[in-house]
Amino acid sequence: MKNFLEATGIDHKIKIEMCLRPIGLPWAKIDINGTTIMSGIMTETTYLTHLTDASVPLVLSIELKHKQYSLDHETAIVVDRLDVDSISIVPEMTHRFCYENDHSFTSPTSYLGFNGIWKLDTGDCFYRWWHRCSGQGWLLEPTPGFLD
Amino acid sequence: MFDRVFCSGPWLHMRINPTGEFGPCRWSSHRDEQYNIKTHSVKEYFQKRMAPLRRSVLEGDRLEMCSQCYQMEEHDKVSGRQRQLLKTGIMTDHFVPSLQSSTFRSAFQYSQNNDGDTDLLPIDWQIDLGNYCNSACVMCSPRYSSKLGAEFKKIGLIDDTARWNSSWSDDDTLLEKFCHDLASGPTPAYLHFLGGETLIIPAFKKILSELAQAKMTSPTVGFTTNLTVWPQDTIDQLLKFDRLNIGLSIESLHDINHYVRWPGPQEIILQNLEKWIDLADRHGHPVQLRLTPSALTILHVADLYQYAWDRNIGVETCNFITNPRCLGLKVLPHDLRSTAISRLEKFLDGKIIEDRQIVNTRNPSMVNQQVIQDARSYINFLRSSEYDQEGAHELVQYIRQLERSRGNNILDYLPEYEKFLRSHGY
């Protein structure tokens, strides 16, 4: 990579890596930017890797479905680790996830024990989002001049 | 490698030097003698004159004018280049993807397609108001200190001070033009003022007043003071701005500060240091100790790192000093370097050190790690930089000339330097 043209010519995808641990036999659905990368019963600790476009917002969701509270109250998905390009998002940024579930539980967590969707929507491309929420200071925008 | 040299500064930042010449960067001593606020417009300089610089930066050229930043990065010190990149969303440890996501990517692309031109204007300013100063710090120069200039003339180090003393900001017409340009361009994000002693330069108060009158109080105002004065009226003006970056120049809590930042009264400096920290705390503004570690102070900087650590305030040291050469750390012999290193290591002892580099040194939650990071960069430099024997000779000649004028003696402050200085003719 010798210059700007070469650096911007690289087709960079952001790499999402996660480690999910089932408790019981949860039914899980995992979506990243509209692609379902897993759907079904999780029987063992699962390591997932996925590449996605860096220039669009990252929307990642994990859904727990079909849990019957009266029968399997110990069923859950635990997100032990979630990294994007080796940047730790879980546990460091767990509070950035929105958890909509049938028990109205809203506290930051990576223990998904209720039927519902645990979701991260960066709203902007990942690196701008990361800049803002990791205390990197100013993120300036170019403003054309009008001195004349 | 492109990621080691690219900088976003030329798309957002420029500088005006004490005598009015424009320059492209606050971390570089490069200035354009032919481009002065008296003769050229900000727009002309930034958009056209800086185009070849932008072109070189986009081509990945390694530039002599950027050597200070390259040197800082070699020793794990956060460079100006890294700070400017971060302001546009580019992280050096994730360079390619963050460049591709940068808020300035389209601006870089425009310059790539238009031979370095840009339609932008600076939003990050370094404004050197002039050299009017009440201190004559040994590592300074007549360009930045009228008092040192007068002394240099008296002892024959320079012939004349006139060229340094003609500060652009003394000219009301130029000042008005500059304020007008600021008010009629895009709202700046950052205005950093430097003197001389910023707080006693009349133009500082005038610019603050003009901006406040124009209801332009959103830019962050940064400034550095030598802590010798407390001008309440100027401070009241400053407090009208939404956010201040307060830089407090001091070299040590040890008496060597008095020798180096001559003739600053140490008692008043320490009082004002506490007052500024208290004011910053009450108003929620970040404050940083601004150090220029040199051959004469490096033995006693650890106490300031400890002070900053204890008070949870940042430390921002300048480039590794190369001008004057004789005050650079390279002139120190092995035994003094070892002493300095062991004192810095004693400061670090028992503290948790994170590996991750902190580029945003004003992040309040990372202040302590930032202080550690800065101290470590000096250990790295002291360990790895080559010895400059010629500079050591120059040091002795230089301080003897100053001491004849000042009537002081370095060994009263640094008795541990006797062997070193005597061996070079002191």
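This is a tour of a predicted model, stop by stop, with what to select and what is there.

Residues are numbered from 1 along each chain as its sequence is written, and chains are lettered from A and ligands numbered from 1 in the order in which they are written. In this predicted model local features need pLDDT of at least 70 and side-chain atom pairs count only at pLDDT 80 or more, while totals for chains, interfaces and linings use all residues.

**Stop 1: where the chains meet**

Show chains A and B together. The contact takes 31 residues from chain A and 40 residues from chain B; two residues are in contact if their C-beta atoms, placed from the backbone, lie within 7 Å. Now select 4–9 and 126–133 of chain A, which are helices H1 and H2. Each supplies at least two residues of the side of chain A that touches chain B. Helices (H or I, at least four residues) and strands (E, at least two) are DSSP runs, numbered from the N terminus. H1(A) gives the most to that side, with 5 residues.

Colour the side of chain A that touches chain B by class: 16 residues are nonpolar, 10 polar and 5 charged. Ala, Val, Leu, Ile, Met, Phe, Trp, Tyr, Cys and Pro count as nonpolar, Asp, Glu, Lys and Arg as charged, and the others, Gly among them, as polar.

**Stop 2: a sheet in chain A**

Stay in chain A and look for an open sheet of 5 strands, in the order E3-E2-E5-E10-E8 with antiparallel pairing. Two strands pair if DSSP finds at least two bridges between them. Select E3 (35–41) and E8 (98–101) of chain A: these strands stand at the edges with a single partner strand each, so one side of each has no neighbour in the sheet. Neighbouring strands of this sheet are turned by 10° against each other on average, direction ignored.

Tyr99(A) has Trp118(A) in E10(A) as its bridge partner. Then bring back H2(A), which packs on the sheet and touches strands E5 (57–65) and E10 of chain A. The direction of H2(A) makes about 95° with that of E10(A). Axes are lines fitted to C-alpha atoms, for helices over the stretch in contact, and angles run from 0 to 180 degrees between N-to-C directions.

**Stop 3: a sheet in chain B**

Move to chain B. Here 9 strands form an open sheet with mixed pairing, in the order E3-E2-E1-E4-E5-E6-E7-E8-E9. Its edge strands are E3 (32–36) and E9 (314–317) of chain B, each pairing on one side only. From one strand to the next, the twist averages 25°.

Select residues 13–16 and 124–128 of chain B. These are strands E1 and E4, which pair in the parallel sense over 4 bridges. Opposite His13(B) stands Asp124(B) in E4(B).

**Stop 4: helix H14 and two other helices**

Which helix of chain B has an axis that comes within 9 Å of that of H14 (residues 302–311) and crosses at roughly 15°? Select H15 (residues 334–348) of chain B. That angle makes H14(B) roughly parallel to H15(B) (angles under 35 degrees count as roughly parallel, over 145 as roughly antiparallel, 65 to 115 as roughly perpendicular and the rest as oblique). Ala302(B), Tyr305(B) and Gln306(B) of H14(B) make the contact with Arg343(B), Leu344(B), Lys346(B) and Phe347(B) of H15(B). By class, this contact has 4 nonpolar, 1 polar and 2 charged residues.

Tyr305(B), Ala308(B) and Trp309(B) in H14(B) meet Asn368(B), Val371(B) and Ala375(B) in H16(B). The residues of this contact divide into 5 nonpolar, 1 polar and no charged.

**Stop 5: two single residues**

Is Glu251(B) buried or exposed? Select Glu251(B), in the loop between strand E7 (244–249) and helix H12 (256–260) of chain B. Glu251(B) counts as buried because there are 27 C-beta neighbours inside 10 Å. A residue is buried if 20 or more other C-beta atoms lie within 10 Å of its own, exposed if 12 or fewer, and partly exposed in between; C-beta atoms are placed from the backbone. Val301(B) is 50 residues away along the chain, yet its C-alpha atom and that of Glu251(B) are separated by 6.6 Å.

Last, select Tyr398(B) in helix H17 (residues 389–406) of chain B. With 17 C-beta neighbours inside 10 Å, Tyr398(B) counts as partly exposed. Not counting residues up to four places away in sequence, Tyr398(B) touches Pro324(B) and Cys326(B).
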